[in-house]
Amino acid sequence: MKKRVTLKQIAKELEVSVSTVSKALKNSEEISKDTKEKIQAFAKLYNYRPNNIALSLKNKKTKNIGVIIPDIVHHFFTTVFRGIEHYAGERGYNVMICVSDESFEKEVLNMELLANGSIDGFIMSLSAETQEKNDYTHLNEVLEQGIPLVLFDRVSDEVLCDKVILNDAEIAYEAVEYMIQTGKRNIALITTEGYFNVSFDRAKGYQTAIQKNGLDYNGALVLSLPYKSEDESPIWNFFENNEIDAVLCVNEIFAIKCMDVVQRQGKKVPEDISFIGFTNGILSRYSTPRLSTVAQHGELMGETAAKLLIDRIENDLEGNYKTEVISATLIHRESTIN
């Protein structure tokens, strides 16, 4: 009997992407006839089943949950996982975790791995590449088969499932308004690429706060950094070439990097420039000065996601998807308080 191949092996052998293979096996009109026939013939020859996720999950309960997170470096994702694990344990479920490392391909393969007959449903936050590609074929394939899925933090309107999100626009507005009330007028935003839904919403809150408080929105005070960039020269040039007295950063890593740069440029925090960053992690609590942050309450987000998933698993719920919104909290430390 021939050994079954994976999506990745088919893609490598035929020199196409994992996404192309997945779509071809679903007979998508996006893929040319010749390519579909070649991929489908290869898959049949090597005994590949395109709906293995559905087959492994549809008809049995394992009391296991699969969790896929984009990153283990960011404190936020570890706290969400802690919340998932705590709540799931109380309900008698085990949790299996994979890291997509911000890769679309790894995200797809992780779903295959976890769905090998060992879990009842998924909780996940979308990888950077998935949001950039705007390709949710693998997620919608699961949902079409009635497999429970909950997205948290990084989500998409194109995926109809339960979701848990932060009030990103609202809390960004609150952070910027606080800066304005303390006398700041040249407020910058350090963000990531716009295809991240959380970055888009935080930028929206930032701009709304600027305009509603009678200030002119200045696009030159918005710096977009690649999420994996280690190059500090764009940060250095940004603060050298612009008059800035306050900064909102969409994550704490950006905030710590920016505070380090401006202090090496001879500026004082918060006397010359104040900072607020998203994620109340270890870096924020031990930076110099300690960073004012937006606490995202990751454990609560994780517990909420786990509850949504387990309730849907145990009650065989269909449709009526919920979007739960977690309210963030501003925590003021020395980077905004003299």
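In this predicted model, the buried residues of helix H14 are covered by elements that include strand E1 (64-69), helix H5 (75-90), strand E3 (122-124), strand E4 (149-152), strand E5 (162-166) and strand E11 (323-326). The residues of H14 that are buried are Gly298, Met301, Gly302, Thr304, Ala305, Ala306, Leu308, Leu309, Ile310, Asp311, Arg312 and Ile313.

Nonpolar packing can be described next. The largest nonpolar core holds 66 residues, and the members that touch the most others are Ile123, Phe152, Ile190, Phe239, Val247, Leu248 and Phe275. For isoleucine 190, leaving out residues up to four places away in sequence, the residues touched are Leu223, Leu225, Phe238, Phe239, Val247, Leu248, Cys249, Val250, Phe254 and Cys258. Another core, of 19 residues, lies apart from the largest one, and its members include Ile68, Met111, Leu139 and Val142.

Aromatic rings give a further view of the structure, in which a search of the whole model finds eight aromatic pairs. In one of them, phenylalanine 196 and tyrosine 227 have ring centres 5.7 Å apart and planes at 85°, and because an angle over 60 degrees counts as edge-to-face, the pair is assigned to that class. Phenylalanine 196 belongs to the loop between strand E6 (187-191) and helix H10 (197-212), whereas tyrosine 227 belongs to the loop between strand E7 (222-224) and helix H11 (233-241), so the pair ties together parts that are 31 residues apart in sequence. Elsewhere, Phe76, Phe77 and Phe152 form one aromatic cluster, and arginine 202 lies over the face of phenylalanine 278, at 4.0 Å from the ring centre.

| Residue | Relative accessible area | State |
|---|---|---|
| Phenylalanine 196 | 3% | buried |
| Tyrosine 227 | 25% | partly exposed |
| Threonine 336 | 13% | buried |

Threonine 336 is placed in the segment after strand E12 (329-331), and its side chain is joined to that of serine 292 by a polar contact of 2.6 Å. When neighbours within four places in sequence are set aside, threonine 336 is in contact with Tyr178, Pro270, Ser274, Phe275, Ile276 and Ser292; of these, Phe275 is also listed among the residues that touch the most other members of the largest nonpolar core.

Notes. Residues are numbered from 1 along each chain as its sequence is written. This is a predicted model: local features need pLDDT of at least 70, side-chain atom pairs count only at pLDDT 80 or more; totals for chains, interfaces and linings use all residues. Side-chain values use heavy atoms; hydrogens and water are left out. Buried means under 20% relative accessible area, exposed over 50%, partly exposed in between (1.4 Å probe, protein chains only). Helices (H or I, at least four residues) and strands (E, at least two) are DSSP runs, numbered from the N terminus. Contact means heavy atoms within 4.5 Å. Rings of Phe, Tyr and Trp (its six-membered ring) pair if their centres lie within 6.5 Å; planes under 30 degrees apart count as stacked, over 60 as edge-to-face and the rest as tilted. A charge sits over a ring if NZ of Lys or CZ of Arg is within 6 Å of the ring centre and within 35 degrees of the ring normal. A nonpolar core is a set of buried Ala, Val, Leu, Ile, Met, Phe, Trp, Tyr and Cys residues joined through side-chain atoms within 4.5 Å. A polar contact is a pair of N or O atoms within 3.5 Å; within protein, one must be able to donate a hydrogen and the other to accept it, and residues adjacent in sequence count only if both atoms are side-chain atoms.
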